[in-house]
Amino acid sequence: MKSALTIVVLFLVFTLVNCSSSENSSNTNVPTDNFTENFGNAVNSDFIGQVIDESSQPIEGVEVKVGAVTKYTDAKGIFAIKDATVFEKFAYITAKKTGYINGSRTVVPNSGSTTIKIVMLTATVQATISSGTQSEVPLSNGAKYRLMAILKPNQAPLILVLSK
C-alpha cells in the first residue's frame with residue numbers, strides 16, 4: 001500500500017513538473033519565414049491572359065490583379081500586366097466584375113511572360129434570407145433548397161448566389 005502511494009505521488013510530481021516546463025518552453029524548430037522558404041524570393045514577372053464567361057465569351061471591364069498591379073480587360077477580355085511582384089514559385093491572380101462570381105488562379109510564373117485564362121461564372125441572386133428565418137429557394141431545375149439563416153441580430157441578410 002505504501003509503495004502504491006509513493007508511485008502515485010511520484011507520478012503526480014512528474015506530471016506537474018512536465019506540464020509547467022512545457023508551458024514555458026518555446027518551440028525553436030518552427031520556421032518564421034516559411035512562405036519565402038516554400039515559394040522562393042520576390043521577382044518581377046509579366047502576365048497576359050483572357051477572362052471569359054461560362055459560354056467562352058470574352059468579358060470586358062474585368063478588374064484583374066496580380067500582386068499590387070491592377071488592370072482591366074479590353075473588349076476581347078484580354079489583359080496584360082507587366083512587372084508584377086510575385087514569388088518565384090507562386091503568383092495569385094484575381095478577377096472581379098459585378099454580375100459575376102469572383103475568379104482567381106494560382107500559377108508558377110514563367111521566366112518570360114505567363115499566359116492565363118480565367119473563367120468567370122455569371123452570378124444570379126436566387127434569394128435573400130432574413131436573419132434567423134427558414135427559407136426554401138426554388139432552383140431553375142425544379143429542385144428546392146431549404147436554408148436556415150443563422151445570423152447575429154442586426155446583421156445583413158444572407159444573399160444566396162448561384163451560377164447557371
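The following exercises, with worked solutions, concern a predicted model.

Residues are numbered from 1 along each chain as its sequence is written, and side-chain values use heavy atoms, with hydrogens and water left out. In this predicted model, local features need pLDDT of at least 70 and side-chain atom pairs count only at pLDDT 80 or more, whereas totals for chains, interfaces and linings use all residues.

**Exercise 1. Secondary structure**

State how many helices and strands the protein has, and give their pattern along the sequence.

Solution. Helices (H or I, at least four residues) and strands (E, at least two) are DSSP runs, numbered from the N terminus. The protein has two helices and 11 strands. Along the sequence, they follow the pattern α-α-β-β-β-β-β-β-β-β-β-β-β.

**Exercise 2. The β2-β3 hairpin**

Describe the pairing of β2 with β3 and the turn between them.

Solution. 
1. Strand β2 (residues 63-66) runs antiparallel to strand β3 (residues 69-72), and four bridges join them.
2. E63 has Y72 in β3 as its bridge partner.
3. Two residues lie between the strands of this hairpin, and G67 in the turn has a positive phi of about 60°.
4. A68 is found in the loop between β2 and β3. A68 counts as exposed because its relative accessible area is 76%, the classes being buried under 20%, exposed over 50% and partly exposed in between (1.4 Å probe, protein chains only).
5. A68 and T85, 17 residues apart in sequence, are 7.2 Å apart in space, C-alpha to C-alpha.

**Exercise 3. Burial and contacts**

Find the fraction of buried residues and the share of contacts between residues 24 or more positions apart.

Solution. 
1. Of the 164 residues in the protein, 21% are buried.
2. Contact means heavy atoms within 4.5 Å. Among contacts with a separation of 6 or more, 50% come from residues 24 or more positions apart.

Terms used
Pairing = 2+ DSSP bridges.
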